Amino acid sequence: MFTEIVKEPKVSSQRRGPGRPPGRTNQGAAARLRLYNTAIKLIAERGYEATTLRDVAKRAGVSVGLLYRYFPSKQAVVLHLYDELSAEYAARAAEMDTGKWRDRFLFALTTSLQVLNTHRSTLAALVPVLVGDAQEGLFAPATTFSRQRVQRVFHEAVVGATDAPQPEVTTALARLLYLAHLAIILWWLLDKSPRQRATTALVALVKQALPASALTLRLPRVRAFVVAGDKLFRESLFHDDATG
């Protein structure tokens with residue numbers, strides 16, 4: 001899918017000649033940010049498949065060679081987006097209050113929606129890639145680092161809760177809550193209701209259902225179901241995760 005991947009030129013240790021893009025300087029960082037923002041906007045406008053790096057370079061008013069210096073492929077742009085969003089999310093999720101796991105899960109969920117909202121149009125354009133490609137989608141090896149960064153938030157939401165379940169259930173429950181969060185995010189990206197009010201209503205329903213879910217988790221059969229379900233998800237989706 002990423003047909004525009006080229007070999008990134010080697011950066012010489014010699015003094016930069018005329019016309020060469022700057023290295024790790026403020027000017028270089030500013031140029032990279034401008035090109036990144038241009039690529040993200042184009043993907044949001046045209047969709048992932050219809051956007052080419054040549055289009056990005058033309059919109060930004062730079063040569064294709066300069067763009068390749070910073071982003072040698074569209075995949076590099078998308079991975080940078082994942083990294084940026086997951087880093088911001090982890091930082092904001094660190095403010096999670098002490099409490100029951102259901103309240104901490106709701107905080108993790110709503111914080112995720114808030115962080116992603118800025119790039120909703122771009123992420124909506126990426127939905128076919130996120131869910132439709134096993135090699136380049138949400139559970140691809142290249143996205144493992146960003147995915148695990150987000151997943152750790154949900155693990156901490158459960159393991160650090162005042163009512164954390166038994167150890168053998170904690171990790172399984174945290175991963176299932178992470179997957180539930182992904183399902184709600186997908187719903188949100190596809191939600192065509194005004195201001196995504198259907199998503200707001202869905203989150204409200206989840207909030208109403210969580211107390212009952214916490215009660216049923218005390219039942220041995222329910223705990224066994226959670227552990228068994230987690231095992232299936234790990235086998236099918238998390239086989240590339242080092243912590244899986």
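Start by selecting valine 131, which sits in helix α7 (residues 127-132). This is a predicted model. Is valine 131 buried or exposed? Valine 131 has a relative accessibility of 57%, so it counts as exposed.

**Zoom out**

Now show the whole protein chain as a cartoon. The chain has eleven helices and zero strands. Read from the N terminus on, its elements run α-α-α-α-α-α-α-α-α-α-α.

Switch to a surface view. The protein chain exposes about 13,800 Å². Carbon and sulfur atoms supply 57% of that area. Of the chain's 244 residues, 44% count as buried.

Next, think about contacts along the sequence. Take the contacts with a separation of 6 or more: 71% of them involve residues 24 or more positions apart.

**The salt bridges**

How many salt bridges does the count come to? The count is six.

Select aspartate 55 and arginine 46. Their side chains meet in a salt bridge, 3.1 Å from N to O. Aspartate 55 has a relative accessible area of 23%, so it is partly exposed. Arginine 46 is partly exposed too, at 41% relative accessibility.

Go on to helix α4 (residues 74-93). Arginine 92 and glutamate 88 both lie in this helix. They are four residues apart, about one turn of the helix. Their closest N and O atoms are 3.9 Å apart, and the two form a salt bridge. Arginine 92 is partly exposed, with a relative accessible area of 31%. Glutamate 88 is partly exposed as well, at 35%.

Now pick arginine 104 and glutamate 156. A salt bridge joins their side chains, at 3.7 Å from N to O. Which parts of the chain does this pair link? Arginine 104 is in helix α5 (residues 101-117), and glutamate 156 is in helix α8 (residues 144-159). The two residues are 52 residues apart, so the pair links distant parts of the chain.

Colour this pair by accessibility. Arginine 104 is at 7% relative accessibility, and the cut-off for buried is under 20%, so arginine 104 counts as buried. Glutamate 156 is at 41% and counts as partly exposed.

**Threonine 38**

Move to helix α1 (residues 26-46) and select threonine 38, which lies in it. At 12% relative accessibility, threonine 38 counts as buried. What is threonine 38 in contact with, leaving aside its neighbours within four places in sequence? Show Val56, Arg59 and Ala60: these are its contacts.

**Into the core**

In soluble globular proteins, nonpolar side chains tend to be buried together. Look for that here. The largest nonpolar core has 66 residues. Select Tyr89, Trp101, Phe154 and Leu173, the residues with the most contacts inside this core. Which helix gives the most to the core? Helix α9 (residues 167-190) does, with twelve residues.

Finish on leucine 173. Hide its neighbours within four places in sequence. Leucine 173 is then in contact with Trp101, Val158, Pro165, Leu217 and Val226. Trp101 is itself among the core residues with the most contacts.

Conventions: Residues numbered from 1 in each chain as written. Predicted model: local features only at pLDDT ≥ 70, side-chain atom pairs only at ≥ 80, totals over all residues. Heavy atoms only, no water. Buried < 20%, exposed > 50% of the residue type's maximum accessible area, 1.4 Å probe, protein only. Contact = heavy atoms within 4.5 Å. Areas by Shrake-Rupley, 256 points an atom, 1.4 Å probe, with all protein chains shown as cover. Salt bridge = Lys/Arg side-chain N within 4 Å of Asp/Glu carboxyl O. Core = buried A, V, L, I, M, F, W, Y, C linked by side-chain atoms within 4.5 Å.
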